[in-house]
Amino acid sequence: MEKQELIDSEKNVAKKLSLFFRENINPFFRKKLKGGALYVSILVSIIIGVVLTFFILIAQYNQRNVTTYTQLTQLYYNLKSAFQIAQSAYFSPEQNYIWIKNQENDDSIRVKKLNWGAYLLISAETKNRHQYLSQAGIYGTYMSSDTGLLISDNSRPVGLSGNIVFKSNCYLPKAGIKPAYIEGQSYVSSSQNSSYIKQSPYQIPHLTASVYSGLKEQLSNFNSNLDSSVKTLPETYSHSFNHKTIVWQNPSALLSRVELVNNIKLVAENIEIDSSAHLNNILIVCKKARFKKGFKGKIHVIASDSISMEEGCEFNYPSSFVLLAAEGETNAIKYIQFNKNCRFYGGVLAVSKIKGNANDQKVFVKLHAESEVNGFVYSSDYIHLEGLVNATVIANKLLLKTPSAVYENHLLSCEINPKKHSSMLTVPLVFNERAKLLCCETIN
């Protein structure tokens with residue numbers, strides 16, 4: 001009986017526990033389950049929102065990059081167009097260094113074009129609301145590979161002495177050539193010389209009037225729109241070609257221990273440049289210029305009296321020497337003179353007259369037996385031709401000056417080979433203004 005009562009008691013407890021769970025515990029778990037699903041759905045919604053926001057940001061970033069790239073690409077095209085404008089016949093002085101706005105968008109360009117020694121300097125800038133690009137370059141034209149020497153026909157034969165080598169066409173007077181004995185040297189002919197000798201014209205080509213006036217302007221004119229004058233410069237100074245040219249008036253008569261780079265013009269009466277001076281794309285305007293022994297640099301010189309140098313000087317490409325004899329002077333010959341172990345890469349111009357305009361004084365270019373000249377050499381009067389000449393040489397007459405005598409219409413121990421560097425060098429544009437311009441050097 002007691003056992004039966006114990007079993008009944010346990011069953012009652014079990015029923016009560018079951019009833020308790022049904023009424024209390026199960027509803028609690030059902031509520032928890034419903035609340036967890038809500039939290040999960042909210043969390044998923046947040047994640048989806050974050051992902052969509054991330055994709056929107058990526059899309060905007062890509063769109064901004066595409067827009068920036070498109071605008072920058074347009075600026076590159078603008079820059080290319082600016083150089084084309086500068087080289088066209090439609091570019092006028094009134095447009096020089098003036099901002100020109102594009103009518104179809106917010107882009108603008110500015111072009112600067114000027115003579116820089118014997119070469120041309122073209123600088124271009126372009127901008128929009130947020131970006132800016134610029135570039136400058138020194139320009140010339142093709143170097144001839146088929147013309148080594150051209151002189152006018154003066155009806156007299158050319159005397160050849162020493163080891164003469166022609167590796168390109170040489171235009172000599174109709175009277176031909178003759179052997180000569182000068183300074184202990186007799187004529188040693190190269191086997192191919194005769195095949196390169198051609199008949200010269202009655203006169204050499206003249207610089208065009210616009211080229212001559214452009215060179216002459218550099219001697220005297222100060223353009224307030226393009227130039228900015230200073231009285232002194234620090235020892236180290238670099239100046240962008242996109243700005244006005246810095247004109248240093250009356251620097252020291254001996255220029256030494258300075259480092260000057262780009263778009264700087266030195267204006268002096270007489271100047272000597274020491275080997276301690278480091279000059280790169282600098283223009284010197286003077287009466288007389290002389291480079292001290294061992295000078296190395298990239299330099300452009302315009303002088304009215306003389307340009308000379310001591311031994312071991314090197315003028316890197318593109319360099320230029322321009323001698324413009326002052327009108328009305330009748331004293332000593334104006335000259336450009338190279339020295340022993342000197343190397344020059346670029347253009348040499350010595351001009352005393354152009355077509356229809358003759359001066360009283362003469363100009364003279366003298367090469368050295370142990371010098372090397374590469375590029376282009378022009379003399380409206382005389383040239384002493386000697387040494388290694390990897391250039392096209394045009395002169396009115398040959399004039400050989402030795403320590404003991406002066407010989408007209410003579411050559412002494414020279415090699416003329418413009419083919420050596422014709423594919424690499426660009427020379428000054430002096431004859432045909434419509435000839436294609438080529439960039440000698442790009443300057444950023």
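How many residues does the largest nonpolar core have, and which have the most contacts inside it? This core has 58 residues, and Leu 279, Phe 291, Ile 299, Phe 321 and Leu 385 have the most contacts inside it. The model is predicted: local features need pLDDT of at least 70, side-chain atom pairs count only at pLDDT 80 or more, and totals for chains, interfaces and linings use all residues. Residues are numbered from 1 along each chain as its sequence is written, and side-chain values use heavy atoms, with hydrogens and water left out.

**Nonpolar cores**
- A nonpolar core is a set of buried Ala, Val, Leu, Ile, Met, Phe, Trp, Tyr and Cys residues joined through side-chain atoms within 4.5 Å.
- Beyond its neighbours within four places in sequence, Leu 385 is in contact (heavy atoms within 4.5 Å) with residues including Leu 149, Val 393 and Ile 416.

**Backbone geometry**
- Most residues other than glycine have a negative phi, and most peptide bonds are trans.
- The peptide bond from Tyr 317 to Pro 318 is cis, with omega near -5 degrees, and Pro 318 is found in strand β20.
- Ser 155, in the loop between β5 and β6, has a positive phi near 65 degrees.
- Asn 263, in strand β16, has a positive phi near 55 degrees.

**Burial**
- Buried means under 20% relative accessible area, exposed over 50%, and partly exposed in between (1.4 Å probe, protein chains only).
- Asn 263 is buried at 0%, whereas Ser 155 is exposed at 60%.

How values were computed: Helix = DSSP H or I, 4+ residues; strand = E, 2+ residues; numbered from the N terminus.
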